[in-house]
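Please view the sequence and the structure below before reading on.

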Amino acid sequence: MKRLINRLIQLVITLIGVSFLTFCLTYLSPGDPAAMVLEASDTIVSQEIIEQTREEMGLNDPFLVQYGNWLLGVAQGDMGISYSGKKPVIDKLMEGFMGTVLLALTTIILIMIISIPLGIFSATHRNRIPDFLVRIFSFIGVSMPSFWVGLILLYIFGLKLGLFPIATASVTPSGLVLPALTLAIYQSAKYTRQVRTVILDELHQDYVIGARARGLSEKAILWKHILPNAILPLITLLGMSIGWLLGGVAVIETVFSWPGMGRMAVYAITMRDYPLIEGFVLWISIVYTVINFLVDLSYTYLDPRLKKGDSR
């Protein structure tokens, strides 16, 4: 419980620090938010109207007062009004939330289906032809930029073969395939190398030698002893990937016109929609800190050594 409380305190401090830096950067950014709001609403812009709007928006208050009001609003579930969308920031974030979550979950499933079998197969056939083929795949997959892979898939399967839509304005199964596959190719190549390395390390441990001496089959050793121990080092990597995906993969979502949070963030930056940018950065911070917290917590329950350490 003490460790849990300490981690929660660190999480809150991290979120406050990130929110302060984000608000500070948007505060120092060029452009007048009041003028942007008026221009977006096709209002005749005069200096008098701009000053009146600045007063209504609280932009004439000192920086710390503005930040305090914004932080108080966030604590109450109010992140402000989007300049470009004329609606609450939370509503704008929720518009891209389902698209990003669906893309992230599909990508994670594809990553696990591809990387774990390939990594195990490569490790158990070390320095043989199957191992060399898997390592070539992982090397090529990591080396190719994701947006370039996405454009190739879009050209072949979207434009030439017509199997999938080139652009989609809504969340559809057919529009999900190519962006998820693009992300999975890069991530699977990275995961395959990690799985191979971890499995090879475990194969040389003393408990494996002892299991072989007791007459256990290689299949039983692999599935009952090696895999449970090999999964632990991959949890951190998996957690970071989930955070990266849930933050919205801006480039891929833009390439495929996928209605997710990453594409929305790119649009917000283009339109200088500062409240939406602040809300998006805060969302990413929450995702990363919470997932990091859950990963640390899972280690305590999955690793018996940490359980013993906590009990002492």
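Helices H1 and H4 cross in a right-handed manner in this predicted model. Helix H1 covers residues 2–28 and helix H4 covers residues 63–75, and their axes come within 11 Å and cross at roughly 130°. On the side of H1, the contact is formed by Ile16, Ser19, Phe20, Phe23, Cys24 and Tyr27. H4 contributes Phe63, Leu64, Gln66, Tyr67, Trp70 and Leu71. Sorted by class, this contact of H1 with H4 holds 10 nonpolar residues, 2 polar residues and no charged residues.

Is serine 122 buried or exposed? Its relative accessibility is 0%, so serine 122 counts as buried. When its neighbours within four places in sequence are left aside, serine 122 is in contact with Asp131, Val134, Arg135 and Arg196.

The confidence of the prediction remains to be described. The protein chain has an average pLDDT of 80, and 91% of the residues score at least 70. The table gives the elements of the protein chain with the lowest and the highest mean pLDDT.

| Element | Residues | Mean pLDDT |
|---|---|---|
| Helix H14 (lowest) | residues 304–311 | 52 |
| Helix H6 (highest) | residues 129–143 | 87 |

Where pLDDT is low, the predicted coordinates should not be read in detail.

Note on methods: Residues are numbered from 1 along each chain as its sequence is written. This is a predicted model: local features need pLDDT of at least 70, side-chain atom pairs count only at pLDDT 80 or more; totals for chains, interfaces and linings use all residues. Side-chain values use heavy atoms; hydrogens and water are left out. pLDDT is the predictor's confidence in each residue, from 0 to 100. Helices (H or I, at least four residues) and strands (E, at least two) are DSSP runs, numbered from the N terminus. Axes are lines fitted to C-alpha atoms, for helices over the stretch in contact, and angles run from 0 to 180 degrees between N-to-C directions. A crossing is left-handed if the near helix is turned anticlockwise from the far one by less than a right angle, and right-handed if clockwise. Contact means heavy atoms within 4.5 Å. Ala, Val, Leu, Ile, Met, Phe, Trp, Tyr, Cys and Pro count as nonpolar, Asp, Glu, Lys and Arg as charged, and the others, Gly among them, as polar. Buried means under 20% relative accessible area, exposed over 50%, partly exposed in between (1.4 Å probe, protein chains only).
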